[in-house]
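Please have a look at it first.

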Amino acid sequence: RKWVDVRKSEAVNAEINAQIVQTMEGLSNPRNTLVWRTSALLFIQQRIQYAYQVMGLEGVLSILRKLETPKEREIVMGILETLTCYLFKALHSKMEHLSEDDLKVAHEDTQQCIQEIVETVSTPKLPARCFQRGLWALWRVGEAAGPSIPRPGVSAVITIALRDGDRQSREAAIKLLSQAGPESAANAARICRRLLGDPDHAVRAAALRALQVLGVFDPELFAQAAAMLGDDAACVRLDALGLLGAMASATPDALVLPNQVLAAPGWADDPASSVPVRMTDDCFMQASTAVFDGDMAVRERACRLMGRLPAVRPHYLLQTLTKRVLTQTQLEDVEQNAGEGEGDLSITTSARLLSADAAGAFVVGLEDEFLEVRCAAVGSICGLMVGSRLLRDRALDVVVDMLTDEMDAVRLAALHGLFLVRHVVELSDAHLQVLAGVLDDVAEALRHRAQEVLAAVRLTSSAGLLLVVRALLDTLARCPGDRAHVYAGLCSLGRRLSGLVEEVAGRLLAVDSPYLTLEPDVHDPTYVGVLVLVLSSAASNPA
């Protein structure tokens, strides 16, 4: 059977090779119509590896160079791109059936294909669609090959595109610039920074994305990116936030002057406007201001960015939870409290909100009409709570309150956040009652996540443990399908809180009553759940 399969495979390959040869010969026939040649080119593009193996690179290129109509040349660009990526794959994987000589030929052919694309794109008066297709072909080749394979002539193509190209061509050229290697990244970054003033918003957004990829950061670029938050196009503001976040994450302690494009009136006259601040703090305030943006995507990105910035000072975090601007006295109280648990801080006149508009940023995010923004705000608050004791004390009520949101996605995000901070917060009885209320929800994903949170939270009182256990046991009667999840949660509680389980075991098993009770039903799911809790506790605390 294996021999038959091999024979069939050889027959199929022979048939494809014959079709390839016939199609390539047809492309050389000028009597064939444009529609036929276009279909033939698409057929060749899908089977370019067979054409390369049958005719070799020179044979393929000799026929493709004769095609001159814009539509044909556009498809030729795609064929050269596909062939180059195929050859690079052969070089990268070093296929076993390729010898050293074959690998050398493949490397030379790869360079020749890239040179062919560059020469075609550099042709004077090339139609705009063909020019754009060639630029995107070079970019996709660069994505597949990376910096391991040189691409001579690409710099000249980028220069032509930025000088003479239309919007799509300039955008593609910027994508090519973002693939610059370490030795040319600084020059590429300078070009991208000049393009931040381009009249087209798509080009400005592409330049911001390229700068983020290149990773050549300095305080002047931070000021430029902050200025782009006032751009009229939402896509530019979105990418400006991404660049600000990348810079603040790379150099959080670098000092920059406050950049408040959307600052309140009179900010420029304030002495605090000339006092340098840490880049991560200023970026946090830029994101806080962007929460008030008119575009939903920008508000969502701003909320998520606030949760990813490292080492933001506590007084900036606390200000986002209230719409009232903190006074100097309140800042000094924050300094004293933070110094006890989070290190020494220096609160000066400039260590206040850089703009009054940023006060209550998380409050506004949690009240946003779009669930995506509310989910992002909840996730960021919980992420920041992990590293800030002061924020945990003030934000826990806010996160628990989001469990009553009207949208399932927001409630699920709040549950994810509570699970994230389960080791650093302690829920009160009121919090546990709100959390237990989620077990009545009809959504299975919400119930299961709530059960996981209840099984993982910190409990220090027997009353809290009883509340959690009874809430889980009540779920068994309402939702029999959740039995496995409930038993897993009870088992986790027993292993973690064996001391508290020992205190409440008598009440749960009803053995502390002075009266004779009925023999429990061993098939009762509730009784089985109690046994799971107690026996799990006994396994970790035999005494």
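In the protein chain, among contacts (heavy atoms within 4.5 Å) with a separation of 6 or more, 70% are between residues 24 or more positions apart. Please keep in mind that this is a predicted model, in which local features need pLDDT of at least 70 and side-chain atom pairs count only at pLDDT 80 or more, while totals for chains, interfaces and linings use all residues. Residues are numbered from 1 along each chain as its sequence is written, and side-chain values use heavy atoms, with hydrogens and water left out.

The chain has 543 residues, of which 49% count as buried, meaning under 20% relative accessible area with a 1.4 Å probe, protein chains only. It holds 26 helices and two strands, which are DSSP runs, helices being H or I of at least four residues and strands E of at least two, numbered from the N terminus.

Let us turn to one pair of helices. Helix α6, residues 128-145, packs against helix α7, residues 154-164, at an angle of about 140°, and their axes are 12 Å apart. The two are therefore oblique to each other, since angles under 35 degrees count as roughly parallel, over 145 as roughly antiparallel, 65 to 115 as roughly perpendicular and the rest as oblique. The contact is made by F131, L135 and L138 of α6 together with V154, V157, I160 and A161 of α7.

Finally, R237 lies in helix α12, residues 234-250, and counts as buried because its relative accessibility is 11%.

Definitions and conventions:
Axes fitted to C-alpha atoms, helices over the stretch in contact; angles between N-to-C directions. Buried < 20%, exposed > 50% of the residue type's maximum accessible area, 1.4 Å probe, protein only.
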